[in-house]
Amino acid sequence: MPKPHSMIDRRQFLGAAALMGAATGLSSIPLIGAGAAEVAPKQGGHLRLGMSGGSTTDSLNPTTYLSWVPANIGYQIMNGLVEIDEHNQATPELLMNWESKPGAADWTFDVRRDITFSNGKTLDADDIIYSINLHRGKSSSPAKPTLAAVTDIKKLSPNKIQILMSSGNADLPFLLSDYHILAVPNGFTDWKNPIGTGCFVLEHYEAGVRCITKKTRPYWKPNCGYVDSVETLTINDVSARTAALLSGQVDAINRLDARTVDLLKKRPKVHVIQSAAGQHGLFVMNCTDAPYNDNNVRMALKYAIDRKQLLDTVLRGYGRIGNDQPIPSTNQYYDASLPQHSFDPDKAKFYLKKAGQTDLKVELNVNDVAFTGATDAAQLFQQTAKAAGINLSIKQQPADGYWSNIWMKAPFCASYWGGRPTADQMLTIAYKSDAPWNDTFWKNPEFDKLLLEARVELDQAKRKEMYGQMQGMISDTGGAIIPLFIDYLEAGSDRVHGMKPNPLFDFMGERIGEKVWLS
Amino acid sequence: MAILRFIVFRAALGVLTLFAVSLLLFLGTQLLPGDVASALLGQSATPEALAVLRAKLGLNDPAYLRYLHWLFGVLHGNLGTSLTTGTPIASVLLPRLANTLFLAGYAAIIAVPLAVGLGILSAIREGGILDRTASILSLATISFPEFFVSYILIVIFASGFGWLPSLATVYDGMGFWSRLDATTLPAITLTLVVVAHMLRMTRTSTLAVMSSPYIETAFLKGMSRTRVVLGHALPNALGPIINVVAINLAYLVVGVVVVEVVFVYPGVGQFMVDAVSKRDLPTVQACGLIFATVFIGLNTLADILAALANPRLRSGLRQ
């Protein structure tokens, strides 16, 4: 048993390291040392996860994953092609040594050698090609749009593939890290019992209730695969999840309630992991609709919201302040030099005057289904807007049908975006002029052009500059008020060691099963 | 023969009610805002995707056709296919129904004897310490919302003492005793919620009979209060007690969604809520129909039993 005071030290360390990680983009180097000094990795034990994000309608077919429980189980049994590490970098998993010709439309990847599936078959290029093709063509996979530009996948040798694209994309390795793209044997279709190269094999699965996986052989990935078995319980209610952790029925839980995290942290035997993430809550204005078609009005509203107050009250500090552009500080192309928008009633009044608005009335449509705390955030916004001379009224909308009836219909409403692995994906999906989910209806041909150029640019320095420019355009003229990026919060008991923040998804990018060890 | 006719009549009335409920269920689900297509696609709905999905799911047929189609299936034992998973509803629903009945049964085995026993004791010792304590405690537990009672129990027995699990996850192949252990906290919660109603009804209806002249006669014969209550008052008070027990049994099956959510119990209630939020209307209708059957069935049974227990009704039926 670790001494209680050393646990507290480690908890504080984790919190501090997570905060530091957000600032530097390097979240884990000190943590490896800290974890190792605490309890050295050891084999064995039964890991029990209590997770939100599962439903009775789930399936283990990777082309159907919509939420975290099936994605997590998928990674227990199968491997991805590329892994996003804690520094938000693409690192080899089953694919490695990638290279691209100039233009980023012609890629080669090596397939990792000497890897076997749980049925004994050795992994080769055909398996990889089949697994990627599950998400192409007639597939209904959510990953299909991600791979839309892929025109052909060729086998160059049993351990080398070539991917050709209709238009280049320097982020292809990131795209292949999508959690839907998991490797199965060529021709595999028995999704009730998936076969993979992962650390565990499926033992029992009841959708939306419980899953058991067991380790039956040594795992190929270095410094991974410590526990003998994993039990994944779906516990969608946050109070039930917390109670299960506190009563020792599970070892780790995801998605904590920010409002009670401080209380949870005071409990002995529990440590909380906080990950800076790309997910953000926002208020979107339709840039083609009066009065939001005037950028001065948009700017006035951007200066009329008190981001610090929202962070401290709505998220209890468990987030980062946003700057009205969607690229998070954990992203390698984040531009920290952009001037930060902050609450400034004088500036807001200045922009209102410029817009010729003396008595601006706006109506904000909200529901907490957009993001947790959206209604509270709107109410705080209402107060600060009043100080800036804007009469903001709140219209509470029903949760049912919010995404189909309010979002992209009402000119000013609450919205949400989950983080995307790359800047290009985030900007393409929601800010390109012709994007179907351009929820601000912001159209900027110069931005579109820059976006396409940056996508194929292989020179990192140049690329970073281009993405910085695009972030500036959105921040200064876009229709999104992005006050907050929301951190992922998860907790583990003192049995679990090696839990670390991840910039992409919670539970260590959903690969927690192969990464932690128990004492 | 008259009693048989009464039973047949009550049963026929039950079936008729069930038909009315099926119609209401169907109409009710049609009134929900949005449809399964928009709920399935969520934030990712585009008009084209919506149109394709609607056509695929047969949502463009007129409502009455869909109702008749559904009713025809149900009458042939086919509850339909889930719109979200594409699997037959019965295959998922029936194991969950078994779970719900298990929990309801567990709670009922504790709650009914406890409530009726305490009710009778309270009637015997009217105004005594036991009567007043039982009354106050049961009123207190029924006045708190179920989720509050659940959380209090979890804090004390799961997080505090660590005696009982806070998660009531049960699964196939789980042993009877571990199943019992897992469902103890929810069963206690449900017991606390339903005891008050039955206890007070038992006490009140027994006491109501106690003011009758024939009870006075019994007392004058020199019988003890216990014998009077058990031998003379209780048999005549059975009718209302059976009814209130039936209503509470039905509640244990159909009204436990909140408790299922708090304890993460894989029962029908949770399943129905999932289906409502996904607009999986055939599943919602199937769950609703199961609930209605349980409710109507138990109430019909209670009516029949009450009639059999009541000498006046019994003799009235004989004429």
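Two residues are in contact if their C-beta atoms, placed from the backbone, lie within 7 Å. Keep that rule at hand for the whole tour.

This is a predicted model, where local features need pLDDT of at least 70, side-chain atom pairs count only at pLDDT 80 or more, and totals for chains, interfaces and linings use all residues. Residues are numbered from 1 along each chain as its sequence is written, while chains are lettered from A and ligands numbered from 1 in the order in which they are written.

**Stop 1: where the chains meet**

Show chains A and B together. Here 28 residues of chain B are in contact with 24 residues of chain A. Now select α7 (146-160), α11 (257-263) and α12 (268-277) of chain B. Each supplies at least two residues of the side of chain B that touches chain A. Helices here are DSSP runs of H or I with at least four residues, strands are runs of E with at least two, and both are numbered from the N terminus. Which helix gives the largest share of that side? It is α7(B), with 4 residues.

Colour this side of chain B by class. You will find 15 nonpolar, 11 polar and 2 charged residues. Nonpolar means Ala, Val, Leu, Ile, Met, Phe, Trp, Tyr, Cys and Pro; charged means Asp, Glu, Lys and Arg; the others, Gly among them, are polar.

**Stop 2: a helix pair across the interface**

Axes are lines fitted to C-alpha atoms, for helices over the stretch in contact, and angles run from 0 to 180 degrees between N-to-C directions. The cut-offs are under 35 degrees for roughly parallel, over 145 for roughly antiparallel, 65 to 115 for roughly perpendicular, and oblique for the rest.

The crossing of α6(A) past α7(B) is right-handed. A crossing is right-handed if the near helix is turned clockwise from the far one by less than a right angle, and left-handed if anticlockwise. Select A:S239, A:A243 and A:L246 on α6(A), then B:Y151, B:I154, B:A158 and B:S159 on α7(B); these make the contact. By class, 5 are nonpolar, 2 are polar and none is charged.

Is α6(A) mostly covered or uncovered? It is mostly covered, with 7 of its 9 residues buried. Buried means that 20 or more other C-beta atoms lie within 10 Å of the residue's own; exposed means 12 or fewer, and partly exposed lies in between, with C-beta atoms placed from the backbone. Among the buried residues are A:A240, A:R241 and A:T242. After α6(A) comes A:G248, whose phi is positive, near 80°.

**Stop 3**

Chain B has 14 helices and 0 strands. Its C-alpha atoms fill a box of roughly 85 × 60 × 35 Å, taken along the principal axes. Of its 319 residues, 39% count as buried. Take the contacts in chain B between residues at least 6 apart in sequence: 73% join residues at least 24 apart.

Next, select helix α10 (residues 225-254) and helix α13 (residues 281-309) of chain B. Their axes come within 9 Å and cross at roughly 165°. The two are therefore roughly antiparallel to each other. Their crossing is right-handed. Residues making the contact include B:L238 and B:I242 of α10(B), and B:F291 and B:F295 of α13(B). By class, this contact has 16 nonpolar, 3 polar and no charged residues.

**Stop 4: a sheet in chain A**

Bring chain A back. Find the open sheet of 4 strands, ordered β4-β5-β7-β6, with antiparallel pairing. Two strands pair if DSSP finds at least two bridges between them.

Zoom in on β6(A). It is joined by 6 bridges to strand β7 (residues 160-165) of chain A, and the two run antiparallel. Pick A:D152: its bridge partner in β7(A) is A:L164. Then show helix α4 (residues 125-133) of chain A. This helix lies across β4, β5 (106-111), β6 and β7 of chain A, at about 170° to β6(A).

**Stop 5: one buried alanine**

Select A:A385, in helix α11 (residues 374-387) of chain A. A:A385 counts as buried because it has 25 C-beta neighbours inside 10 Å. Leaving out residues up to four places away in sequence, A:A385 touches A:A304, A:I390 and A:L392.
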